[in-house]
Structures are given as structure tokens and as C-alpha cells.
Amino acid sequence: MRSLFPVAGPPGPAPTIDDVKLPTDNPKPFARLLLSFWAPTTRSLRGWALASVVVNAGITVTGAGVRVTESGLGCPTWPRCTPDSFVPVAHPEVSPLNMAVEFGNRLLTFLVLAVGVACVLAALRLAPRRVSLVRLAWLQPAGIVAQALWGGLVVNTMLNPFTVGTHYLISSGLIAVCWLLYARAGEGDGPVRRVTHRDIRRLGHVLLAATFALLVAGVVVSGTGPHSGDETASRFDLDIEAMARFHADLAYLVVGLTFALLFALHVTNAPRPARRAALALLGVELLQGVIGYTQWFLAVPAALVLMHVLGSTLVWIAALRVVTSLRVRDGEPAPVSPSPTGAPAAV
């Protein structure tokens, strides 16, 4: 006769985090993509932030491709490609190839914007919501729209080297925002806590400032030398050799600061992530130096210009990684409730 009261068997193993199914565990790739920002986890938000770093770096390099192929005015008007059409059409004064290159770069803006919007949605729907991440996420679509409007100014000023250079620097600022979102999403919202000596962290900030100065100097060199984007574009009235030497001097300064930071991290036995980030930065800088000197001695061929722009973008990302590796943020401490036995005494 079956017992009316089931006998409890031996207890099974306690559930672990591996037994929990997350929204992004959906077997359908498209569903996983949607859920990664509609039902986000910290991991999926960081994934979108890293994707934003990649696409912003990519459009920076393709923008250089527009310049070295003389396609800067492939679409001679903005926001239309031609005075009568938003898409490329036959134009007697513009090569179809140049028009396709410039229009293709414009289309990439929509991809960058889509990834930025995904970051915003993921930050808004992350539970619990973190205001700091929402603010960083909103900077992306706002910056992309500003960048697109500035692109119109680049076209309307006939590729003035100042507007072209600023276009690149705005992209560098967007990359910094995207990287900061990636780093902050993996931390808490507590106060900043150093993982190295205070002076070492200051050295990291000096290194980042010197790296940005190096980017600015590179923009001036690009605006003085060849590859203006169009044969009618103006150039800075500067001595290209003097500007190239100044750019090289700044590069030596950045490499020296990086070596000093790496040495300081080593002798103080700093955490491994910080040491690895500094070592990676030094490696990228040395490779970038090889590309820079090679392109100079080969009279600045277009292919090496593209590689140099890619290298400068990687140096900037690596420098940002170094700075964020020198500190952490813990979670905010939970509010302390008064003890029941201590309450009467407090009264």
C-alpha cells in the first residue's frame, strides 16, 4: 500500500550560479542579441560598451581611408550626397569610386549610432539601475550626433585641416567615453580606491595627457602633409619636417613615461592587470613608432597612413586601459541599521 505521506529522500546538492539560466542563454542568436540590451546583465552591458569602442575606432580608420583615397568630397554636399539626392548618383565632377567611399563612411555612422543606442537601452534596463552608467551611455548617441553635424561642417569648409583634425579628436573623445563605460560597468559605485601608490597613479594621468597631446600633434602633421582628402583642400602653412620632428619628440616622451610607469609598477609589485596594461601600451607604442618612421622614409604611402591611424587609435585605447587599471571602485556600503538594543540608549 502506497504511503499517504511521501518520505523525504536524501537532500540534493544546493543550486549554484551555473544552474541559473540568464536571458542571454537563449539558444537563438537573434533573441540573445535582443535580450542582451532589453534584459541586460552586467556582462552584456560591458559587451555593448566594448563593441562601441570597436566601432568608434573603426570609423576613425575608415575616415582616414576617405582621406587617403582623395574621397573627402566624394559626396560634395551634406546631409545629401549630391545637391539632389541623399544617395550616390552619377555626378559629372565626382568619381563614382570616390563617391562610394565617402557615402560608405557616412553609412557607418548609423552602425555606430545603433551600438550607442544599444548601450543606452542596456544601461536603462539594467537592474538595479546605475545612474553613473546611464549618464555615460547617453554621452554616446549625443556625441555621435555632434560628430555627424561636425562632419557636415567638414564638407562645407571644403576639408579645412582644422575641421578635419577636430573630427578625428572628437572620435578620440567618444572612444574615451565608451572605454570608461566598459570599465565602470565592471565596478561598483563606491569611492575610487587606488591599487598603486598615489604618485604612480598621477604618473598614469600625466601619461594619458601626453598621449592626447601626441594625437593633437599627429593631427597637425596630417593637416600639413599630403593626403588632404581632395586636391582642392587647403593645408596648414607650417614646415612639415619641423612638425614631424616635434611629433616624434612627443612620441619619445610618451614612450619614456610608459617605461617609467612600467618600471614603477614592477618595483612596487602592483597588481597584475596594471602591469599587463602598461606592458601592452609599451608594445603598441613601439610598433607604432616603427610604422611612423617607415611611412616617413617611404614618402608617406597611403597604406601606411591607414596603419598609422589605426596604431594611434590603439595607443589611445591602451593608454585609457592603463589609467583605469590603476584604480577600482567597490560597491557602495549598505546602510547600517541601528541595533534594536541600542535604540533605547540612543533615545
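Residues are numbered from 1 along each chain as its sequence is written, and side-chain values use heavy atoms, with hydrogens and water left out. In this predicted model, local features need pLDDT of at least 70 and side-chain atom pairs count only at pLDDT 80 or more, while totals for chains, interfaces and linings use all residues.

The structure holds nine salt bridges (a side-chain nitrogen of Lys or Arg within 4 Å of a carboxyl oxygen of Asp or Glu). One of them joins Glu 187 and Arg 327, with the closest N and O atoms 2.3 Å apart. This pair links distant parts of the chain, 140 residues apart. Glu 187 lies in the loop between helix 5 (161–185) and strand 1 (192–194), and Arg 327 in strand 2 (residues 327–329). Helices (H or I, at least four residues) and strands (E, at least two) are DSSP runs, numbered from the N terminus. Glu 187 is buried, at 14% relative accessible area. Arg 327 is buried too, at 7%. Buried means under 20%, exposed over 50%, and partly exposed in between (1.4 Å probe, protein chains only).

Glu 102 and Arg 106 form a salt bridge at 3.0 Å, N to O. They are four residues apart in helix 3 (residues 96–125), so about one helical turn separates them. Both Glu 102 and Arg 106 are buried.

Asp 199 and Arg 198 also form a salt bridge, at 3.9 Å between the closest N and O atoms. Asp 199 is partly exposed, at 41%. Arg 198 is partly exposed, at 43%.
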